[in-house]
Amino acid sequence: MPESGASTESEYPATLADNSPATLDTYRSEFLTTALVIAAVGLLLSLVGWTQPTTKQTMAESTTTQEMTFAYTARVSPSPAYQTREVRSPAPVFRTQANLVQVELAYDGVPATVTSEIRLSTSNGWRWTLPSTSELDASTGSGTGIVDLNLDALDELADSGAKAAGIPGSDITVVVAAKVSSAAGDFQPELALTLSQSSLALAEDEDSLVVVDSQSGSSASTQPNSVSLLGIVSIGVWPMRIIGLLLLALGGIGWWLLRTRPTEHSAAYQAEIHRNREMVVQAESVTTTGMVIDVADLDSLVRLAKRYALMILHVTSKGKDTFYVQDESITYRWIPRSDQDTSGDDARGPDSPASGSATPALTEQQPARPRPTNPPPPESFGQGRSEPPTPPPPGGRW
């Protein structure tokens, strides 16, 4: 033990505050603020997200296209008239080679109901309509059907009509007409053929085999709703709800963990406690009476305990540490800086003086109250004494 008035600078070269490495507790207040900000952002996003509908109705300009493709075929016998056994559009069908002709209707577009019929007419004004037995299922938006033409039967029907009307016969115009009914409206494609005494051929060019109908209009559609954040980025309502809840949970849990976790101290602080462990006594609580003096660091408290042969009382309450050295009517106290920053007056312990009481911090230039002149011998450390210890001389270091 150094003698009274001797400098202890070599034995205690620096305070722990100067050598302590940064720990989580060093920036605990910043982390708490960050957690609160994250939770606040999450709460704001959740409020906006859960007050907005997830979908919205929009009107968009759209074009609906429906297409009907016609084609006819006829089976023929081998002869010099054709090189193949089948005649396909747009080639004419010679009546000496074939009598039955099949007209194929291929629809492509929106789901629809398709019916067909055969219309006959002559240049002298005769008209006749025949129902078609074709079945075309376009409920899925596409389908095919077949219309059968018996050329001899159609010619006989036209001749009978001309004789009944008392008019001369002429070439017959055969129209295969389809009626398409859908949400886009009615579409009526037609294929015109000319039936003469010798052949069946297209009444127009081969472009008439494909009939296309396009209709423009506005249609309503349901789309996922989104919210614009400060006019910079747009985010969907569902993602906003999820992100808001996650941020709220992350910030809240982080804040709770930081507030309730035990204080972590620096390596230097732990080393000092371990080095002086024979002087530290764990106590459940400390009752302070008289004056309470807060020292600036643990080094100062250790020097006081060694100088006056007193024990250091360590109290842990709600994860916060407080160290005391009690001597008669004066209590010397040290609170780790991290506990002071995060909890304010609560870290001073349950038995500390009320807020506003005088608890000056002990500094190098502020010695303790005067004491008797005879300090106890070194071998009496930690034991009772009959005389009070001697205070340090003016200018001495604590």
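**Strands and helices against their definitions**

User: Why are strand 4 and strand 8 said to pair?

Analyst: Strand 4 and strand 8 (residues 142–150) share 9 bridges in the antiparallel sense. Two strands pair if DSSP finds at least two bridges between them, so these two pair. V103 has V147 in strand 8 as its bridge partner. Strands here are DSSP runs of E, at least two residues; helices are runs of H or I, at least four residues; both are numbered from the N terminus.

The model is predicted: local features need pLDDT of at least 70, side-chain atom pairs count only at pLDDT 80 or more, and totals for chains, interfaces and linings use all residues. Residues are numbered from 1 along each chain as its sequence is written, and side-chain values use heavy atoms, with hydrogens and water left out.

User: What makes strand 1 and strand 4 a pair?

Analyst: 7 bridges join strand 1 (residues 55–75) to strand 4, antiparallel. The definition asks for at least two, so they pair. E67 has D108 in strand 4 as its bridge partner.

User: Which side chains of strand 4 are buried?

Analyst: V101, V103, L105 and Y107 point to one face and are buried. Buried means under 20% relative accessible area, exposed over 50%, partly exposed in between (1.4 Å probe, protein chains only). In a regular strand, side chains alternate between the two faces of the sheet.

User: What makes the span of helix 2 close to the expected one?

Analyst: Expected span is 1.5 Å times one less than the number of residues. Helix 2 (residues 28–50) has 23 residues, so 33 Å is expected; its first and last C-alpha atoms lie 32 Å apart.

User: Why is helix 6 called mostly covered?

Analyst: In helix 6 (residues 298–307), 9 of its 10 residues are buried.
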